[in-house]
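The report below should be read alongside the sequence and the coordinates.

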Amino acid sequence: LSETEEHFLLWAASNVLAAVIKGKQAEEELRLIHMRNARLLAAISSILIGVDDKDQIIQWNKAAEETFGIEAKDAIGKLFPECGIQWDWRQILKNVSLSIINNIPARIDEFTYTDSEGREKFLNITISVVNDNQGEMAGFYLLGTDITQNKLLGAQLAQAQKLESIGQLAAGIAHEINTPMQFISDNTNFLKDSFGDLNNLLTEYQEFTRLIKEKNDAAEEVRKIEEAAEEADAEYLMEEIPKAIEQTMEGIGRVSRIVRAMKEFSHPDGQDKKAVSINQAIENTVTVARNEWKYVAEMKLELAPDLPLVPCLLGEFNQVILNIIVNAAHAIGDVIEMSPGKKGAITISTRKAADQVEIRISDTGPGIPPEIQSKIFDPFFTTKEVGKGTGQGLALAHAVIVEKHQGTLTFESVEGEGTTFIISLPLNGSAA
């Protein structure tokens, strides 16, 4: 809703409220005002509810009917709190009181209500006081916009970006899984072949044991055992089989860690924050992004072991860490192109600082030139070549940390030395 439209609605609602309460206009004039305003208000898609100074509803437009499933004839004349809307009335009436006391509009964003079919939806609401000609409070009006579809699209966009990131990482993750699976396969084939040789040797041992028990000449059987032992290379097998089993178990563990990290990374968030281990989230994201950084940088984790749980939207926090790690890897990659065989470093540290948790992600890239430092959180701003970056990663990261977690995302950068991004998350944020 534009500022012009809001001013117009205020003007229209003021006319109606003033006419009803003042009661000084002629009946025909009042009827004409009603007709004009009814036609104008019917043309807008925003909810408009007018309430007089006795809390009675005197205006209920078409959008209000469609949104709440309550017809105007059933609402007009009722006390506002008794009109039947399913929402948090304490929050609404609190903001009405604040608007009246301060004589300024009160704004409620992403306010939930339940529609006539029992579905939870969202509104942006503005509550404004209407004064009469003497400056006395004559009532108020509530202007609302249903943002349910926009909120849904926003959530879908965020999930789509996460899935896009997962898609970009898929080839690297496949490679990471393929490496341990290859030596698991090799070791399993080795164990399969070795078991056949050992089985032949054990069969001869059993036959030798039988002959000894019968006190027969065992010379020929001893010869067979010696041949079987030589063929099986028993000493070699006794040394290598435990190693093969150990490597196989290590490979299985690596695959399990990658799969678990991927599952936790891609898990969709709910609407509420949950107390999570920031250290575990960072470790999972580093694992998922391994193929992005392992060729250009050494990864150093300096995670405080006593870090408390932090109220967080885990999936969105993971996305922030991923974006910064990938940016760091790309920055280092640009530097080491001129020094083949040399790797940079990415260092991630965590610590508790007063009532916040601080995460620092440092790289040994080229740093950010001073002339563009003010722009790096701007949407669509990127220094990468066309097709390599969208300019959305840091902008979304900033929005997630600042707007959704009430934290801060800042950076320190020295051109030619590297950059450190600093995330601070409050420990007193609400969590389910």
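## A helix across the sheet

Which strands does helix 11 (residues 314-336) lie across, and at about what angle does helix 11 run to strand 10? In this predicted model, helix 11 lies across strand 8, strand 10 (344-353), strand 11 (356-363), strand 12 and strand 13, and its direction is at about 145° to that of strand 10. Helix 12 (residues 393-404) lies across strand 12 and strand 13, and runs at about 135° to strand 12.

The strands concerned form an open sheet of five strands, in the order 8-10-11-13-12 and with mixed pairing. Strand 8 (297-303) and strand 12 (408-414) are the edge strands, and because each has a single partner strand, one side of each is left without a neighbour in the sheet. From one strand to the next, the twist averages 15°.

At one end of this order, strand 12 pairs with strand 13 (residues 418-426) in the antiparallel sense, over seven bridges. Within that pairing, Leu409 stands opposite Ile423 of strand 13.

## The surroundings of Trp293

Trp293 belongs to helix 10 (residues 290-293), and its relative accessibility of 8% means that Trp293 counts as buried. When residues up to four places away in sequence are not counted, Trp293 touches Val286, Met299, Ile325, Ala329 and Ile346. A polar atom of the Trp293 side chain also lies 3.4 Å from the backbone oxygen of Ala289. Between Trp293 and Lys343, which are 50 residues apart in sequence, the C-alpha to C-alpha distance is 9.8 Å.

Strand 1 (residues 47-52) and strand 2 (residues 57-60) pair in the antiparallel sense over three bridges, with Ile49 having Trp60 of strand 2 as its bridge partner. Four residues lie between the strands of this hairpin, in which Asp55 takes a positive phi near 70°.

## Aromatic pairs and the ring cluster

Across the whole structure, a search finds nine aromatic pairs. One of them joins Phe68 and Tyr113, whose ring centres are 5.4 Å apart and whose planes stand at 75°, so the pair is edge-to-face.

Which residues do ring pairs link into a cluster? The cluster consists of Trp60, Phe68, Phe80, Trp87, Trp89, Phe111, Tyr113 and Phe140.

## Ser128 and its contacts

Ser128 is placed in strand 5 (residues 120-131), and at 5% relative accessibility Ser128 counts as buried. Leaving aside neighbours within four places in sequence, Ser128 is in contact with Ser99, Pro105, Phe140 and Tyr141.

Key:
Residues numbered from 1 in each chain as written. Predicted model: local features only at pLDDT ≥ 70, side-chain atom pairs only at ≥ 80, totals over all residues. Heavy atoms only, no water. Phe/Tyr/Trp six-rings, centres within 6.5 Å; stacked < 30°, edge-to-face > 60°. Pairing = 2+ DSSP bridges. Helix = DSSP H or I, 4+ residues; strand = E, 2+ residues; numbered from the N terminus. Axes fitted to C-alpha atoms, helices over the stretch in contact; angles between N-to-C directions. Contact = heavy atoms within 4.5 Å. Buried < 20%, exposed > 50% of the residue type's maximum accessible area, 1.4 Å probe, protein only. Polar contact = N/O pair within 3.5 Å; in protein donor to acceptor, adjacent residues only side chain to side chain.
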